[in-house]
Amino acid sequence: MQYTSFVCGILYERFAPGGMYASRIGLRSGIGAEGDYLMHISQNKAQIPLGTNGQPAIISLTSAEDVGKFVAAAISLSQWPPELRMRGDRMSVSRLIQITEIVRGAGFQKTQYNAQSMQSALQTAQTAQNIQQQLCVITMMATASGRFDFASPNLNALVDVTPTRFQAWLQKAWEDH
């Protein structure tokens, strides 16, 4: 039996009105609401996790719809490597926020977090026994460490799927809000 792990990075739906929960994704994750990851778009607020190099973290992203298209197309592949990586877009968190500011027509209040400030935020959440805030900070720390980035999306080259770019997806997601 063949098997593979599909990797898509961050789902665009995290940045939809209402977050992933609005699409019924991640309902039990504890971190699927709007504002739980990097940006609270309707409040014009953003968090910028800095990597070990002091620069904003880089993330790979894909829309849930495109994930479905990639997975469906991968079924017809004769061989599956251990990991199939797909990507709709890749950018720094700063660029993600800049695109969102352009689409929304408003500047965002931005807060940068380095390793020390993320650790402090995690300790504060732990002291308060705020599990949801702990999950948010741990996910931001994972972002800063590069967990949601990959350089070579091998599945993109193997199938005939043209993924939607983040800016086009965001424009459509927020057009009536």
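A residue is called buried when its relative accessible area is under 20%, exposed when over 50%, and partly exposed in between, using a 1.4 Å probe and protein chains only. Keep that in mind for this predicted model, where local features need pLDDT of at least 70, side-chain atom pairs count only at pLDDT 80 or more, and totals for chains, interfaces and linings use all residues. Residues are numbered from 1 along each chain as its sequence is written, and side-chain values use heavy atoms, leaving out hydrogens and water.

**Aromatic pairs**

- Searching the whole structure turns up seven aromatic pairs; rings of Phe, Tyr and Trp (its six-membered ring) pair if their centres lie within 6.5 Å, with planes under 30 degrees apart called stacked, over 60 edge-to-face and the rest tilted.
- Phe15 and Phe166 make an edge-to-face pair, 5.8 Å centre to centre with 85° between the planes.
- That pair links distant parts of the chain, 151 residues apart: Phe15 is in the loop between strand 2 (10-11) and strand 3 (39-40), and Phe166 is in helix 6 (residues 166-174).
- Helices (H or I, at least four residues) and strands (E, at least two) are DSSP runs, numbered from the N terminus.
- Phe15 counts as buried because its relative accessibility is 1%, and Phe166 is buried at 0%.
- Phe166 also pairs with Trp169: their ring centres are 6.3 Å apart and their planes at 25°, so this pair is stacked.
- Phe166 and Trp169 are about one helical turn apart, because they sit three residues apart in helix 6.

**The wider group**

- Tyr12, Phe15, Tyr37, Phe148, Phe166 and Trp169 form one aromatic cluster.
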